[in-house]
Structures are given as structure tokens and as C-alpha cells.
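Let's take a walk through this structure together, one stop at a time. Have the sequence and the 3D view open as you read.

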Amino acid sequence: MARHADEHLVTGRVKLPRRIVDRPLRQVSKRLLMALGVLATTVFIVWIDRTGYHDNADDSVDLLDSVYYATVTLSTTGYGDIVPYSDAARLINVVLVTPLRVLFLIILVGTTLEVLTERTREEWRLNRWRSNLRDHTVIVGFGTKGRSAMQTLCATGLKKDQIVIVDPSAKVIEAANADGFVGVIGDATRSDVLLRAELQRARQIVIATQRDDTAVLVALTARQLNRGAKIVAAVREEENAPLLRQSGADAVITSASAAGRLLGLSVLSPVAGTVMEDLIQQGTGLDLIERPVIKAEVGRSVRETDDLVVSVLRGHRLLGYDDPAASPLQLTDRLITIVRADPPNPEQSRTD
């Protein structure tokens, strides 16, 4: 319950990935040590030249008086009960104590200024991010399914700054920030949370929530905010897939059924299961991709292409490779093909 209460307080908050040099506690500790160092130096200077100071109380300056004088001097309080009266003491105050006083104030005020500057910088980064974000991908839910979807999208060339993660857990968003992704903390069934992710300007929406009813509500809200975006959602139970399509999802993946079919296929044919798993994993072995028809392929049959064509997308119709209507290919067609994944370049890997 405490976790949910904490997450409710920060709902809708946008967190940009950032590079933190030092932890806040470490930064404050460094400034405190610097301030104590300046104070100790001032006490030492006054103590060494204590004969040049006059105390209105007892005419003598001991160690405690030196600490007291250094404290009220550095804090610019200056009660005037202990004063330098010799020429040497006054010269030391001008040459050494005054610069130390200024340094002490800079250390104290600098902490406040740094906080204000950081807030201003963060606000500027957030405004800049909002103004530049267009045609991005929103991933709702950053669990196992959401992370796998993210990895597949990045493997196909999508940049990290074009992906926004939405999740109700602050810890999950912090993990996404650590990976270089922008995150929004909040309940994705609420329109204000999705608007903070700039969903109304997104091109693709991936719904990978833990519950099917949540996925349906997210799909309804997302479709209401963005009529033209492509929405892909995952459900656990196959009976909920039609409801999710009616809610606005363009494609629905039944995770439990898909995993079960892959298990069954692996039992019947381990090799076939391995091939299917290879196709699912982007960037290794064989990849299943969608690409446009090139000019050289126009007018040819499906079997005359260089790649292994599985299906042809013509308008809103999906034609199998063996469908007579799939050939000849047209310039506006898109091909679903199986290709060999490009092997990693050793030189590029060393460069990265």
C-alpha cells in the first residue's frame, strides 16, 4: 500500500534520462567539508595572530574566542565584541579573512544556486524534448514483454530518443532512464498520463501491461487520443483478443497461446521450434522483416525475388506466398520476408 501511495503522488511525472556525476548526498558532503575547511583555516589564522585582537569581555582571545570570531565573521554577523586592533591583524583580515568570508558565502549560496540551476535546466530540457518529439513510439508497460518489444525496435534501427516508456512504477522508470529512455510515471489508463508521453503525436503504441483489462482500457484511451497511430497490444488470454481489437488495437498478440504453440512445436519438432525462436529474436540468425517492393521486382512473381517471401501486403489485404493473386508484384506492395540477419561488424564493435 505504501508503494501504491508513493506512486500515486508522482503519477504523470516525466523523467528524462540524465547523467549524474555525483550523488546529491555526496555533493552536499563535499560542500560541507569545504565550508568546515574554510572555517578551520580562519580559526587558525585568528589563533596565530590572537595578540592583535581585542575582546571587550576580558581583553584576551583564547581558542574558543578564535572559533567564535571566525564563525560570526564568516557568517557576516559581526557583533563587534572581538575586533582586530593591531595593524598586522587588520592587514590579515583584509588579505586573508575577507577572501575566506567570500569563499564561505559562495559555498553556501552555491548549493542553492545549483539546485535552482538544475531545476531550470531540467525544465528547459523537458520543454525542448516536448517540442522536438514527433512520430515516436510509446511503450506502455516495461516488464518482460515491454523490454523485449523495446529491444526488437532498437535492433531495427529505432533510436532511444524516439521511445517513451509509460509505467506506474517509479523504480521501473528509473531503470528505463538508466538505459537511456524517457519515462512517464503513471497509470496509462488515464488520458493525462498518456498526454504527458505526447501520445497524441506518436506513430506507434505498444501495450504490454500485466492485466488484460488494463490493456483494453489503455487501448480505448490511446485510440481516443490518437486516431492514426498503430496500436499493438499483448493479452494473456485469447478470449480477450477480440475485445482488444474492438477497443482500437490494430494487432493483438496472445502471449500465453503463442508461448504454448511454440512449446508444442518444440515437442513435435525441436528443430522447427529453434527456427521459430530464431525468427522471433531480432538481429540473430534469420529475421522476419517487412519491406517495400523495389522497382526491379515489379511485375515479377513472388518466387522470383531474391528474398524468401512469406506474405504480400497489398492495401489492407494480406496475401500468402502461394496465393495466385500475390503475383505479379506491384510497386505499392509490401513484402513480409525471411532474411539472414547481418553479422555484427568486429571493427564497428571495437569502435563502439
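Let's begin with E297, which counts as buried because its relative accessibility is 5%, and the cut-off for buried is under 20%. Keep in mind that what you are looking at is a predicted model. E297 sits in the loop between β10 and β11. So what does E297 touch, once its neighbours within four places in sequence are set aside? The contacts are R291, T305, D306, L329 and L335.

Strand β11 (residues 308-314) and strand β13 (residues 334-340) run antiparallel and pair over 5 bridges. You can pick out some of the residues that face each other: L308 is opposite I338 in β13, while V309 has T337 of β13 as its bridge partner. As a rule, side chains in a regular strand alternate between the two faces of the sheet.

β11 is also joined to β12, by 4 bridges, and these two run antiparallel as well. One of the pairings to look for is R314 with R317, its bridge partner in β12. The hairpin that β11 and β12 make has 2 residues between the strands. There, G315 takes a positive phi near 70 degrees.

Next, head for a helix. α8 runs over residues 212-225. It has 14 residues and reaches 20 Å from its first C-alpha to its last, close to the 20 Å expected at 1.5 Å a residue. Its buried residues are D212, A215, V216, V218, A219, T221, A222 and R223. And what covers them? The cover includes β4 (137-140), α7 (191-196), β7 (204-207), β8 (230-235) and α9 (241-246).

Is A219 buried or exposed? It is buried, because its relative accessible area is 0%. Leaving out neighbours within four places in sequence, A219 is in contact with I207, I231, L244 and S247. Take I231 from that group: A219 and I231 are 12 residues apart in sequence, and their C-alpha atoms are 7.5 Å apart in space.

R31 is partly exposed, because its relative accessible area of 24% falls between the 20% and 50% cut-offs. R31 and F104 are 73 residues apart in sequence, with 9.8 Å from C-alpha to C-alpha.

An unreviewed UniProt entry lists residues 32-48 and 91-116 under "transmembrane region". In the model, the span of residues 32-48 is 100% helix and 0% strand, and its end C-alpha atoms lie 24 Å apart.

Conventions. Residues are numbered from 1 along each chain as its sequence is written. This is a predicted model: local features need pLDDT of at least 70, side-chain atom pairs count only at pLDDT 80 or more; totals for chains, interfaces and linings use all residues. Side-chain values use heavy atoms; hydrogens and water are left out. Two strands pair if DSSP finds at least two bridges between them. Buried means under 20% relative accessible area, exposed over 50%, partly exposed in between (1.4 Å probe, protein chains only). Contact means heavy atoms within 4.5 Å. UniProt positions are given in the numbering used here, feature names are shortened, and annotations may be inferred rather than shown by experiment. The expected span of a helix is 1.5 Å times one less than its number of residues.
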